Amino acid sequence: MTGYRFLPEARRDLTSAVAWYDSEFPGLGQELAREAQRLCLLISESPLAGAEVRPGIRRRPLRRFPYAILYSRD
């Protein structure tokens, strides 16, 4: 994934969530990973589309999974 970076804590959270979903239903974790990647691409194309939750911090929820990506334009 290019054009963005995850904080180490966020990367660990995503990795853990992918592993958990895969342990519950094989392949579902990979769907989560693809959805996160898709959303990151959307964010890079339209960074102002996310709801501003704090000055300079925006949030976009994932479809189908109970997660959201918080991001800044830095």
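Start your tour by selecting Pro61 and Ala68: Pro61 stands opposite Ala68, which belongs to β3. The model is a predicted one, in which local features need pLDDT of at least 70 and side-chain atom pairs count only at pLDDT 80 or more, while totals for chains, interfaces and linings use all residues. Residues are numbered from 1 along each chain as its sequence is written, and side-chain values use heavy atoms, with hydrogens and water left out.

**The sheet**

Now colour the strands. Strands (E, at least two residues) and helices (H or I, at least four) are DSSP runs numbered from the N terminus. Two strands count as paired if DSSP finds at least two bridges between them.

Contact here means heavy atoms within 4.5 Å.

Four bridges join β2 to β3. Show the side chains of β2: Arg58 and Arg60 make up its covered face, and Ile57, Arg59 and Pro61 the uncovered one.

Which residue takes a positive phi in the hairpin of β1 and β2? Select Gly56: its phi is near 85°, and the hairpin has two residues between the strands. Gly56 is partly exposed, with a relative accessible area of 43% (buried means under 20%, exposed over 50%, partly exposed in between, with a 1.4 Å probe and protein chains only). Leaving aside neighbours within four places in sequence, Gly56 is in contact with Tyr71 and Ser72.

Next, go to Arg64 in the loop between β2 and β3. This hairpin has six residues between its strands. Most residues other than glycine have a negative phi. Arg64, however, has a positive phi near 70°. Arg64 counts as exposed because its relative accessibility is 62%.

**The largest pocket**

Finish at the largest pocket, with a volume of about 870 Å³. Of its 26 lining residues, select the closest to the centre: Arg5, Phe6, Ile69, Leu70 and Tyr71. On a 1 Å grid over the protein atoms alone, a pocket is an open set of points where a 1.4 Å probe fits, with protein on both sides within 12 Å along at least five of seven lines; lining residues have an atom within 4 Å of a point. The elements giving two or more residues to the lining are α1 (8-24), α2 and β3.

Key. Points joined across faces, edges and corners; volume = space filled by probe spheres on them.
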